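Reader: I've got this one open on my screen and would like to go through it with you. Let's start with the side chains.

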Amino acid sequence: MEQSFAALLEDLRSQQLEIRTDSRRVARGDVFVALRGNMHDATAFIPQALEAGASVIVCGADGAELVRASAARLVVHEDRRAALWQMAQARCHTETLPFPVFGVTGTNGKTTTAFLLEHLFTSRDTKCGILGTVCYRWPGFHSAAPLTTPDSPELHGMLDAMRRAGVEAAVMEVSSHAIAQQRVGGVKFAGAIFTNLTQDHLDYHPDMESYYAAKAGLFLELPAPEKACAVNSDDSYGLRLLRTLKTGIGFGLRGNKAGHAHLGGTIFSSGRNGLHLGMNFDGVRWELRSPLVGAFNAMNLLGVQALCLGMGLAPDDLACLETFKGLPGRLERIENSQGLHAFVDYAHTPDALVNVLQALRAAG
């Protein structure tokens, strides 16, 4: 029996049906969405989903005949990734949320930037949730993260769980894969930070232009038009993005190149014990001292401050960033009794490795 997509959304809102994209996880009564990926088309697994007891199959027209001979309901939808996030949103009732969601994207610096934001919120007694490479956590919940950005059903389920836990702000690392695959569809971002763009993930994206287009989608397509945006104007791709945006705050160490509002930074000192930064925004100047090491962490600090200024915070509200000590594996300082300056970093791209080595060399 064929069913309209609108009727399926109503069923999901009222019946809390489980949504599956892996036929091996299907149980009796579940909804199976036959996604088409770069390598595989799950249409081939519709028979397994039916055998496992799926009550609804969402597929393209090419899979319809596999379903019509069964007792399951058929929903034909040619953009199954768009269908998936709309279904997840309906099931979890996340069309609206009582808290803002902030996205961080870029090749390097996403994790540190996201946790700096979380630190700022929690320092201001704001209950915060975070989804990223290191972990997924909010008050009462903590889990390791198998993906930087979860798939749509998991993502909307976590946003719903955050709502029930009383979260007042959420921060999310947003990968280029997640944007291209519509995993963050339906999330109304209140703000976003662009850290930088360097060579990475070209096994997935055909070229740098496609990689940039995916990242830019967070700013040009996904968040609300009135969102706060902070963009690294020292990065050539960031400068290009900033010039495309009608609003937003640029940030960097090399001056204002885009003609937008701009948070300028100056590194007064950078050593083994951290950074001493000076900031200038619209003629207002202030300073920060941070235990984070390296010029790239100066950029992470500037990005967070630029977003916060766009949200309406004042420089005095940003002093709590001085107490953020960093994250495991992100130029992590290893305390020891021998007076050694030892650091661990999980750099996995050429640019990230160069940045780490330059930071440590400059720190002496």
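**Rings, then a histidine**

Reader: Is Trp138 buried or exposed?
Author: Trp138 counts as buried, because its relative accessibility is 8%. Buried is under 20% relative accessible area, exposed is over 50% and partly exposed is in between, with a 1.4 Å probe and protein chains only.

Reader: What am I looking at, by the way?
Author: This is a predicted model, where local features need pLDDT of at least 70 and side-chain atom pairs count only at pLDDT 80 or more, while totals for chains, interfaces and linings use all residues. Residues are numbered from 1 along each chain as its sequence is written, and side-chain values use heavy atoms, with hydrogens and water left out.

Reader: OK, back to rings. How many aromatic pairs are there?
Author: The count is four aromatic pairs, where Phe, Tyr and Trp (six-membered) rings pair with centres within 6.5 Å, and planes under 30 degrees apart are stacked, over 60 edge-to-face and the rest tilted. One of them joins Trp138 and Phe141, a stacked pair with 4.3 Å from centre to centre and 15° between the planes.

Reader: Is Tyr212 buried or exposed?
Author: Tyr212 is buried, with 6% relative accessible area.

Reader: New topic. Where does His77 sit?
Author: You'll find His77 in the loop that runs between β4 (73–76) and α4. His77 has a relative accessible area of 18%, so this residue counts as buried.

Reader: Which residues is His77 in contact with?
Author: Setting aside neighbours within four places in sequence, His77 is in contact (heavy atoms within 4.5 Å) with Phe5, Val58, Cys59, Gly60 and Ala83.

Reader: And how far is His77 from Ser4?
Author: Their C-alpha atoms are separated by 9.2 Å, although His77 and Ser4 are 73 residues apart along the chain.

Definitions and conventions
Helix = DSSP H or I, 4+ residues; strand = E, 2+ residues; numbered from the N terminus.
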